[in-house]
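Here is a short tour for someone who likes to see where the atoms sit. Keep the structure open while you read, and follow along residue by residue.

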Amino acid sequence: MSYHVNEKGYYGEFGGAYIPEMLYPNVEELRQNYLAVMQELSFQKKFKELLKEYVGRPTPLYYAKRLSEKYNTKIYLKREDLCHTGAHKVNNTIGQILMAKHLGKNRIIAETGAGQHGVATATVCALMGIACIVYMGAIDMERQAPNVARMKMLGATVVPATSGSKTLKDATNEAIRDWINNPTNTHYIIGSVVGPHPYPDMVARFQSVISEEIKTQLQEKEVRENPDYVVACVGGGSNAAGAYYHYLDRPNVGIIAVEAAGKGIQSGESAATSALGKPGIIHGSKTLLMQTADGQITEPYSISAGLDYPGVGPMHAHLYASGRGEFISITDTEAMEAGLELSKLEGIIPAIETSHALAIFKNRPFKKDDIVVINLSGRGDKDLNTYIDYFNL
Ligand SMILES: *Cc1c(COP(=O)(O)O)cnc(C)c1O
């Protein structure tokens, strides 16, 4: 069995492209071209060059000595927090802006919830001098004012979504409407391994630079390419997909996905999609989805904005359903403690999303000579106020 996407755009029973007829030409153009474009030497050269010179790759694979001693196993941290803009998201937006240029697009749209993907998109649009429109829920714009300011500084137009709950779902609807109205000159940059095929596969491939680097770096440090486990937090699942990618079909490498339990899986305030979700359709793909008995999407909750999503990418739904992945959910409290612990033990303040992945060591024992790679998806600067309020700093 392969855990990669098949010809039809499915991972097992999940994936596909469930889109309105009006969107079909746009998605189909991308589907027909993305693999060929990504394989072109000139494309690869530009992508690699920007990852090196602009993003700052390769990011280190750092042996966390004090954390390893505490949990009596060998822990490596893949330092995506050191990427330009502070997280892994820019790997994908660099790839997609090059794809857009290749397809002759001169206008970029995106939607954003907490603003992180909006900033990563506005960043690469500034880099390339391409017009950028970011849709954002009006309520999210108030809650995430610093990211709105960043996008404006970067030259993007931020358009408030004022319908419905004025949050991510409404911003997504606005972006889709825009794309339908501007089918020829516009590319829609999706920020995670979600959306209709080919987005999940395309985004996973752009992020797969993470596991490609881990292989080489582990070979240098441990004289083996494969860790025993690779661990990542999962919101939509892009940093996880990138960290797992080259290990998906290597059964000796354990795959651990960490979801946000929020205030507890049974609390009604959670974003633990594997535990609570059922098959359904969201953002154009069939996947696991938190929903009511009559199929209405349930409002998710997590202290970390990046994990606060009611679905999960179709690759991850398949990793869960097939048993290939081990899924663990971590509460707000456990994550916050783990974030503080990493800060004190290693001098690294992680994003709260990442803190969820770090929290597994408290209750999930590993063997002394296991090699466990944690994808450190982002840095904690953006979360400082949440840490301050939580710990009364
Ligand atoms: C956005 C974000 C995430 C969640 O997104 P994925 O697509 O699941 O990776 C995780 N960590 C950080 C630091 C983020 O900014």
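Which residue's side chain does a polar contact of 2.6 Å join to the side chain of Asn 147? The partner is Arg 150, through a side-chain to side-chain polar contact of 2.6 Å. (A polar contact is a pair of N or O atoms within 3.5 Å; within protein, one must be able to donate a hydrogen and the other to accept it, and residues adjacent in sequence count only if both atoms are side-chain atoms.)

Please bear in mind that this is a predicted model, in which local features need pLDDT of at least 70 and side-chain atom pairs count only at pLDDT 80 or more, while totals for chains, interfaces and linings use all residues. Residues are numbered from 1 along each chain as its sequence is written, and side-chain values use heavy atoms, with hydrogens and water left out.

**Around Asn 147**

- Asn 147 belongs to helix α7, which covers residues 145–153; helices (H or I, at least four residues) and strands (E, at least two) are DSSP runs, numbered from the N terminus.
- Asn 147 counts as buried because its relative accessibility is 6%; buried means under 20% relative accessible area, exposed over 50%, and partly exposed in between, with a 1.4 Å probe and protein chains only.
- A polar atom of the Asn 147 side chain also lies 3.1 Å from the backbone oxygen of Ala 114.
- Setting aside residues up to four places away in sequence, Asn 147 touches Ala 114, Gly 115, Gln 116 and Val 119, where contact means heavy atoms within 4.5 Å.

**The ligand and its shell**

- Lys 89, Ser 192, Gly 235, Gly 237 and Ser 238 come nearest among the 15 residues around the ligand; a residue is near a molecule or strand if one of its heavy atoms lies within 4 Å of it.
- In the side chain of Lys 89, an N or O atom is 2.6 Å from an oxygen atom of the ligand.
- The protein buries 96% of the 380 Å² that the ligand exposes when taken alone; accessible areas come from the Shrake-Rupley method with a 1.4 Å probe, and for residues only the protein chains shown count as cover.
- The shell around the ligand divides into three nonpolar, ten polar and two charged residues. Here Ala, Val, Leu, Ile, Met, Phe, Trp, Tyr, Cys and Pro count as nonpolar, Asp, Glu, Lys and Arg as charged, and the others, Gly among them, as polar.

- Strands β11 (residues 278–282) and β12 (residues 285–289) run antiparallel and are joined by five bridges; two strands pair if DSSP finds at least two bridges between them.
- Pro 279 stands opposite Leu 288 of β12.
- The two strands form a hairpin with two residues between them, and His 283 sits in the turn.
- His 283 is partly exposed because its relative accessible area is 26%.
- Thr 172, in helix α8 (residues 168–181), touches His 283 as well as Glu 111 and Tyr 188, not counting residues up to four places away in sequence.
- Thr 172 itself is buried, with a relative accessible area of 3%.

**Around Ser 274**

- Ser 274 is part of helix α12, residues 273–276, and counts as buried at 9% relative accessibility.
- The Ser 274 side chain makes a polar contact of 2.7 Å with the side chain of Glu 259.
- Leaving aside neighbours within four places in sequence, Ser 274 is in contact with Glu 259, Leu 288, Tyr 320 and Phe 327.
- Ser 274 and Met 290 lie 16 residues apart in sequence, with 8.6 Å between their C-alpha atoms.

**Backbone features to look at**

- Most residues other than glycine have a negative phi, and most peptide bonds are trans.
- Arg 57 and Pro 58 are joined by a cis peptide bond with omega of about 0 degrees; Pro 58 is in the loop between α2 (41–55) and β3 (61–63).
- A cis peptide bond also joins His 197 and Pro 198, with omega of about 15 degrees, and Pro 198 lies in the loop between β8 (186–188) and α9 (199–207).
- Thr 85, in the loop between β4 (74–79) and α4 (89–102), has a positive phi near 75 degrees and is partly exposed at 30% relative accessibility.
- His 283 is not a glycine, yet it has a positive phi of about 50 degrees.
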